[in-house]
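The notes follow in the order of the look-ups.

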Amino acid sequence: MRKNLFTLILTVATLISVVSCSSDDDNGGTQATCNDGIQNGNETGIDCGGDCEPCETLSILEGNISDDVTLDASIEYQLTGALVVLDGGSLTIPAGTIIKATGGTSAYIAVAQGAQIFVNGTAANPVVMTSAANSPAAGDWGGLVVCGNAPTNKGTSVTSEVGDLIYGGNVANDNSGSIRYLRVEYTGATFSNDKEFNGVSLFGVGSGTTFEYVQSYNGGDDGIEFFGGTVEGRYLVSINSGDDSIDFADGWTGTGTNWYIAGGAKAGIEGSNNGDNGDATPVTTTTLSNITVVGPVTEGALYFKEGGGHFTIDNFYVTNADLGVKVKDTDAEAAVRIENGDLTITNLQFADTAEGFMATDYTGANQSFYTEGVATGAGNGAAAPDWAAGWTIGLDNSGSVTENLAGEITGTVTLSANTEYLLTSALVVKAGGTLNIPAGTVIKATGGTAAFIGVAQNGTININGEANNPVVMTSGAASPAAGDWGGLVICGNAPTNKGTSVTSEVGDLIYGGSDTNDNSGSIQYLRVEYTGATFSNDKEFNGVSLFGVGAGTTFEYVQSYNGGDDGIEFFGGSVVGNYLVSINSGDDSIDFADGWTGSGSNWYIAGGAKAGIEGSNNGDNGDATPVTTTTLSNITVVGPVSEGALYFKEGGGNFTIDNFYTSGINLGIKVKDTDAEAAVRIENGDLTMTNVMFENTAEGFMATDYTGANQAFYTEGTATGAGNGADAPEWAAGWTTGL
């Protein structure tokens with residue numbers, strides 16, 4: 001039967017226990033004798049209870065368990081030496097039990113092959129194994145050691161590194177019990193000159209064992225280590241380990257998810273195959289997901305070591321580290337595995353990178369074994385995960401100040417306005433993915449020409465800025481300048497006259513289709529700054545590029561500031577653009593082409609190097625269909641401009657424009673005399689401009705350089721343009737800059 005222990009003294013050969021605090025029927029009517037070492041009379045324990053003194057509430061744990069033993073959460077236990085659960089025995093520890101070790105290096109709890117341990121903690125009431133010292137410190141006692149019959153590449157019937165117990169076999173689903181909601185503290189006592197206890201050591205433990213919601217806190221060696229075996233490790237926490245935080249080796253073939261690691265002295269995670277033979281079998285093989293490593297670390301967030309193994313890792317969040325993935329250049333077996341694609345890390349995100357940061361020190365040919373992305377790690381990035389609440393200690397709930405952005409988004413990702421993001425390379429929202437950016441979010445691009453944000457066909461971006469709290473995408477340079485980074489690129493399924501499944505001019509994404517109402521999301525109150533990096537010899541990014549974007553997309557209250565190329569450009573599509581601002585663009589301020597059939601209202605343009613607005617049909621064929629067709633209203637262009645307030649170009653299209661205000665320009669409407677298709681359209685009345693106002697005209701001013709017969713395509717009148725003539729419109733207040 002299971003024994004509820006109020007007083008427990010365990011020696012090598014003897015188990016003495018008190019069943020309960022009720023009278024023992026076996027004593028019959030015998031007289032209680034309170035000093036004979038026997039439970040008799042009405043004693044409820046050995047020489048205690050009944051006519052004797054009350055039973056002690058402090059119990060001593062030491063020795064061997066060969067039967068089924070259950071502790072009592074109302075008693076605080078003292079671990080004075082080694083407590084070993086032998087083959088056939090079991091130890092059950094209920095929620096809320098506290099065990100304090102006083103035995104120094106000799107004090108540990110071990111579970112032998114064939115034995116079981118049941119740690120039945122709860123989120124609100126964990127089991128705690130800790131130090132009894134007045135000033136506890138790492139290394140005060142051993143830790144928890146569990147040995148099973150599952151395979152390892154060290155062989156079978158191997159002696160454990162600590163505890164001198166046998167482990168290893170061929171029972172993959174071996175069951176050593178269940179460990180849930182356990183916290184081990186101040187472990188890591190030295191077992192020998194070259195061996196120390198870990199917080200929890202699992203030697204050849206099988207997949208029939210439950211191991212989840214376990215924390216190692218302030219351990220002297222590794223926090224948690226898997227030595228071969230197949231057990232799964234879920235919801236694990238390691239804080240302030242004296243060596244590696246979580247370690248696995250020797251052919252471990254389990255999986256892990258939701259690991260939160262902080263403050264380890266060496267590697268966040270050390271994953272190896274075999275220290276004596278990197279090619280030993282079975283090879284360490286694991287799938288890990290939802291991992292957070294908070295540095296600093298001295299041996300990488302992940303140390304791929306001693307042959308490494310077959311690792312697939314996803315959603316890996318690393319903060320305050322100077323090295324992401326460590327691989328020794330002398331580890332030939334590990335290098336072979338990386339080159340063979342046996343190490344794959346996806347959605348790896350770096351935050352608050354330390355000085356001298358390197359994503360990896362691996363120098364082999366395969367540098368694509370990892371791909372960056374947006375990660376949540378164990379749940380909340382650098383901050384303590386929600387699932388750790390209540391049963392853990394020592395976790396810092398503050399998030400990272402900065403996080404890197406790069407890679408691909410395939411699910412739903414929501415950024416935080418409380419974090420400053422560093423765009424280190426391309427970030428692409430793939431088909432089916434969604435990127436949500438709340439008001440006040442700032443993204444600083446540090447990746448130069450490689451840094452841009454792209455939204456692929458069937459991807460979605462929602463930029464939810466506010467009039468007094470816009471989303472800002474800018475340069476991370478100390479002295480920002482035009483061309484510091486790419487820009488925002490959105491690709492949809494709406495028609496263009498370039499065809500369908502066309503590759504975008506920048507970003508190498510596919511766009512174009514037949515869905516006029518295609519929806520790529522919603523963009524409101526966005527400011528992009530210092531864009532326009534050179535993508536190739538003849539291509540540069542714009543501030544915002546919209547390729548085949550459909551009318552189901554919201555695009556309004558958007559500014560481009562100090563861009564190296566065009567401010568905002570529509571490449572076909574049918575999206576409507578309202579309340580747009582372009583300031584100091586290095587080329588045209590707002591450009592549309594390739595069969596754009598959207599409309600635009602309330603555009604404020606100033607300081608562009610070339611045309612205020614460039615409107616064209618198709619650069620290869622001015623008569624391509626669908627023809628660019630738009631209605632524009634409430635437009636301000638403040639010069640100077642070198643290619644007109646409006647450049648009607650490459651076939652132009654069917655334009656109706658009203659309330660067009662210009663100031664400080666020398667040319668109103670530019671039309672090349674060699675553009676035959678554009679001339680035909682003007683003569684057909686396809687360009688109609690009403691209420692055009694030219695104010696403060698520059699020297700040599702011309703309303704138009706078009707020399708065809710139809711000079712009545714524009715009519716002058718009184719215009720307010722975007723709202724206040726040359727002055728900044730009221731709707732631009734609060735979220736724009738440079739007006």
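I took a nonpolar core to be a set of buried Ala, Val, Leu, Ile, Met, Phe, Trp, Tyr and Cys residues joined through side-chain atoms within 4.5 Å. The model I examined is predicted.

Cores. I found 66 residues in the largest nonpolar core, where Phe211, Phe226, Trp259, Phe316 and Ile345 touch the most other members. Another core, of 64 residues, lies apart from it and includes Trp485, Phe592, Val637 and Ile665. I then listed contacts of Phe211 beyond four places in sequence; among them are Ile179, Phe226, Glu232 and Arg234.

Salt bridges. My search of the whole structure returned 15. I noted Arg234 as partly exposed at 25% relative accessible area, and Glu232 as partly exposed at 33%.

I next looked up Glu270 and Lys305, whose closest N and O atoms are 3.3 Å apart in a salt bridge. Glu270 lies in strand E24 and Lys305 in strand E26, so the pair ties together parts 35 residues apart in sequence. Both residues are buried.

Glu614 and Lys649 also meet in a salt bridge, at 3.3 Å. Glu614 is in strand E52 and Lys649 in strand E54, so this pair ties together parts 35 residues apart in sequence. I recorded Glu614 as buried at 7% and Lys649 as buried at 19%.

Loop residue. Asn497 sits in the loop between strands E40 and E41 and is buried at 10% relative accessibility. Its side chain makes polar contacts with those of Asn617, at 3.1 Å, and Asn618, at 2.9 Å.

Notes
Residues are numbered from 1 along each chain as its sequence is written. This is a predicted model: local features need pLDDT of at least 70, side-chain atom pairs count only at pLDDT 80 or more; totals for chains, interfaces and linings use all residues. Side-chain values use heavy atoms; hydrogens and water are left out. Buried means under 20% relative accessible area, exposed over 50%, partly exposed in between (1.4 Å probe, protein chains only). Contact means heavy atoms within 4.5 Å. Helices (H or I, at least four residues) and strands (E, at least two) are DSSP runs, numbered from the N terminus. A polar contact is a pair of N or O atoms within 3.5 Å; within protein, one must be able to donate a hydrogen and the other to accept it, and residues adjacent in sequence count only if both atoms are side-chain atoms. A salt bridge is a side-chain nitrogen of Lys or Arg within 4 Å of a carboxyl oxygen of Asp or Glu.
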